[in-house]
Amino acid sequence: MRLVFFGPPGGGKGTQAERVKVDARALPIATGDLLRAAVAAGTPAGKKAQEFMGRGALVPDEIVNEVLKERIVQPDARDGYILDGYPRTVAQLHSLELLLSDMKMPPEKWLFIEVPESAIEERVLGRRTCKKCQASYHLKFRPSAKGDRCERSGCDGELYQRADDSAEKLKTRLSAYRKDTVPVIEELRRRGKLTEVSAGSKGLEDVEALVRKALGLGAALRK
Ligand code: AP5
């Protein structure tokens, strides 16, 4: 499937993309992960992005558009993708639509996972991410069976707290979301293209069930 997930920062987009990717036969592509990799590698795009990400602000469209384009043209995204964290501005939306229509792989579903801001802070402050494979955990809601190491088979990477996962930076991220990303969601809703899931403060499994239903996927087989 070709999918685009929307939702507030820390709302669970990446978590749900991981949970449905096999059944949706889709490759999760998160611009946040791509940008963090570019920063770590010290590429020109990464050097420019670093300052914005460090503040919790959006990275300028021209940088993100380029980073996304480089990734989505790769053969492994050809049969299906889940975009997570992109598009985040109306300009990115228009750029994406042009690109994917040229590539003849337009999104089949634009899915908005609605989560109230009151549920966000606890999720963001408790999130831990694997340094090696970027898997996402939560100290309370999704702890790793191996404590501060990644439980994925063969990984064992160290879990760390992202630099932008602080209460102060979250304020900036939420205000960028309200100012720049909510208009994208509203535009898609106006066009009648948006599929909406009211996740509220439901737990991981319950949200997954709603997402699966919205995407027309069967129930999860795992416990
Ligand atoms: P990015 O990495 O995209 O951050 P984000 O949008 O703020 O989203 P997150 O990754 O924080 O959250 P998520 O919704 O995936 O939540 P998760 O599943 O991990 O972007 C970072 C920065 O990069 C931006 O600030 C910006 O600077 C830059 N950037 C990226 N894309 C850009 C773009 N397109 N344009 C410009 N700049 C861009 O869940 C969070 C936690 O909650 C986890 O610990 C999880 O275990 C837990 N959790 C999830 N669901 C539940 C649940 N239902 N119940 C309890 N806990 C839950």
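Predicted model: local features only at pLDDT ≥ 70, side-chain atom pairs only at ≥ 80, totals over all residues.
The shell around the ligand contains 35 residues, of which Thr15, Ala57, Arg88, Arg127 and Tyr137 come nearest. By residue class, the shell divides into 13 nonpolar, 12 polar and 10 charged residues. At least two shell residues are supplied by each of α1 (13–24), α2 (31–41), β6 and α8 (204–215); the largest share, 4 residues, comes from α2. A backbone N or O atom of Gly11 lies 3.2 Å from a ligand oxygen, and for Gly12 the corresponding distance is 3.0 Å. In Thr15, a polar side-chain atom lies 2.5 Å from an oxygen atom of the ligand. Taken alone, the ligand exposes 1000 Å², and the protein buries 96% of that area.

Strand β5 (residues 127–130) is joined to β7 by 2 bridges, and Cys130 stands opposite Leu159 in β7.

Asp165 is found in the loop between β7 (159–160) and α7 (167–190). With a relative accessible area of 2%, Asp165 falls under the 20% limit and is therefore buried. Apart from residues up to four places away in sequence, Asp165 touches Val124, Leu125, Arg127 and Arg173. The side chain of Asp165 makes a polar contact of 2.8 Å with the side chain of Arg127, a residue that is also among those nearest the ligand.

Note on methods: Residues numbered from 1 in each chain as written. Heavy atoms only, no water. Buried < 20%, exposed > 50% of the residue type's maximum accessible area, 1.4 Å probe, protein only. Polar contact = N/O pair within 3.5 Å; in protein donor to acceptor, adjacent residues only side chain to side chain. Contact = heavy atoms within 4.5 Å. Pairing = 2+ DSSP bridges. Near = heavy atom within 4 Å. Areas by Shrake-Rupley, 256 points an atom, 1.4 Å probe, with all protein chains shown as cover. Nonpolar A, V, L, I, M, F, W, Y, C, P; charged D, E, K, R; others polar.
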